[in-house]
Amino acid sequence: MSNIKVIIMDVDGTLTNSKKVITQKTKDALIKAQEAGVLLILASGRPTSGLIDLSRELKMDENHGLLVSFNGSKVVDCQTNEVLFNETMSIEDGQAVLEHMKKFDVKPMIDKGNYMYVNDVFNNQIHYKGETLNIIQYESRGGKFKLCEKDDLAAFADYPLNKILTAGDPEYLQANYKEMMEPFKDTLSCMFTAPFYFEFTAKGIDKAKALDTVLIPMGYKKEEMIAFGDGHNDASMVKYAGIGVAMDNAVDALKAIANEVTLSNEEDGIAHTLSKHLKNIDVLNHSFA
């Protein structure tokens with residue numbers, strides 16, 4: 001029987017369903033796991049501010065749960081708000097990326113404090129799966145940000161950034177991402193985090209590096225960790241954890257490297273897998289058929 005002491009979860013497409021909520025069955029399983037001494041970690045491309053409400057819903061703020069945000073460039077203890085890890089891009093690199101993005105039909109977004117900064121709040125539409133999406137509203141609401149316009153984001157960004165998010169039509173990003181990342185491919189981490197998102201973070205930053213930097217000194221071992229994900233940016237942590245689990249709705253590349261594939265995020269995939277691996281914890285036994 002698995003000796004799981006850490007549960008690591010991506011958020012969008014993994015922990016939450018298509019309505020961006022945690023279903024009751026999954027919530028119950030995760031709260032009971034914490035009652036049995038298991039550490040919960042949310043690991044997301046979202047900013048820290050976009051994880052706080054979910055962490056409170058799961059009572060992570062009462063159990064020293066960890067928030068791995070910005071694709072792994074920051075880790076915060078959500079009970080004490082202590083920053084355990086923070087690795088930003090240099091100011092020069094951030095400004096260079098934002099300057100380079102002016103050549104492309106993308107919508108860059110950066111954050112500072114309670115605000116997300118964009119060029120034009122009304123230039124906000126992308127096309128995805130046959131529908132039009134207000135991507136600036138989607139991202140700002142998800143991160144709990146107010147919005148502010150800046151004509152020149154490169155000139156404005158005179159401070160270190162955890163990440164630069166660019167949004168665009170998926171077909172356009174597929175056709176242009178190599179040119180977008182070309183000047184930075186050796187100096188920054190550049191990756192898709194959704195078909196309509198391409199992001200830049202400091203070199204070597206990913207979810208696994210954040211986990212390794214923080215958890216190993218705490219005394220946890222890889223083989224005591226289980227990680228759940230659905231996207232390309234979850235690959236590092238799914239490979240890193242002793243048990244790496246891909247959701248049924250995950251990209252094929254993640255399913256190919258995962259130890260297991262569980263049910264989808266619409267079908268309580270996390271709860272389903274935990275019921276298998278945590279049967280040695282009595283409080284979970286009665287929760288699942």
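The model is a predicted one. Its protein chain holds eleven helices and 16 strands. The radius of gyration is 19 Å, close to the 19 Å that the globule rule gives for 289 residues, so the chain is as compact as a globular protein of that length.

**Overall build**

- Along the principal axes, the C-alpha atoms of the protein chain occupy a box of roughly 55 × 40 × 35 Å.
- Buried residues make up 54% of the 289 residues in the protein chain.
- Among contacts in the protein chain with a separation of 6 or more, 62% are between residues 24 or more positions apart.

**Strand S1 and its two partners**

- Strand S1 covers residues 6-9; Val 6 and Ile 8 point one way from it, Ile 7 and Met 9 point the other way, and all of these residues are buried.
- With strand S2 (residues 39-43), S1 pairs in the parallel sense through four bridges.
- Within this pairing, Leu 42 of S2 stands opposite Met 9.
- The path from S1 to S2 leads through helix H1 (residues 24-35), and this β-α-β crossover is right-handed.
- S1 also runs parallel to strand S14 (residues 225-229), to which four bridges join it.
- Here the residue opposite Met 9 is Phe 228 of S14.

- S14 is paired with strand S15 in the parallel sense, over four bridges.
- Between S14 and S15 the chain passes through helix H8 (residues 235-240), in a β-α-β crossover that is right-handed.
- S15 spans residues 243-246 and is covered on both faces: Ile 243 and Val 245 lie on one side, Gly 244 and Ala 246 lie on the other, and all four are buried.
- S15 pairs in turn with strand S16 (residues 260-261), in the parallel sense and over two bridges.
- Ala 246 has Val 261 as its bridge partner in S16.
- Helix H9 (residues 252-257) lies on the path of the chain from S15 to S16, and this β-α-β crossover is right-handed.

- Asn 162 is located in the loop between helix H5 (153-156) and strand S11 (164-167).
- The relative accessible area of Asn 162 is 13%, so this residue counts as buried, the limit being under 20%.
- The side chain of Asn 162 forms a polar contact of 2.9 Å with the side chain of Ser 73.
- A polar contact with the side chain of Asn 86, also made by the side chain of Asn 162, has a length of 2.9 Å.
- Beyond its neighbours within four places in sequence, Asn 162 is in contact with several residues, including Phe 70, Lys 74, Glu 87, Thr 88, Met 89, Phe 200 and Thr 201.

**Cysteines**

- The whole structure contains zero disulfides.
- Cys 148 has a relative accessible area of 24% and is therefore partly exposed, as this value lies between the limits of 20% and 50%.
- Cys 190, at 17% relative accessibility, falls under the 20% limit and therefore counts as buried.

How values were computed
Residues are numbered from 1 along each chain as its sequence is written. This is a predicted model: local features need pLDDT of at least 70, side-chain atom pairs count only at pLDDT 80 or more; totals for chains, interfaces and linings use all residues. Side-chain values use heavy atoms; hydrogens and water are left out. Buried means under 20% relative accessible area, exposed over 50%, partly exposed in between (1.4 Å probe, protein chains only). Two strands pair if DSSP finds at least two bridges between them. A crossover is right-handed if, with the strands pointing away from the viewer, the path from the first strand over the helix to the second runs clockwise. A disulfide is a pair of cysteine sulfur atoms within 2.5 Å. A polar contact is a pair of N or O atoms within 3.5 Å; within protein, one must be able to donate a hydrogen and the other to accept it, and residues adjacent in sequence count only if both atoms are side-chain atoms. Contact means heavy atoms within 4.5 Å. The radius of gyration is taken over C-alpha atoms; the globule rule is 2.2 Å times the number of residues to the power 0.38.
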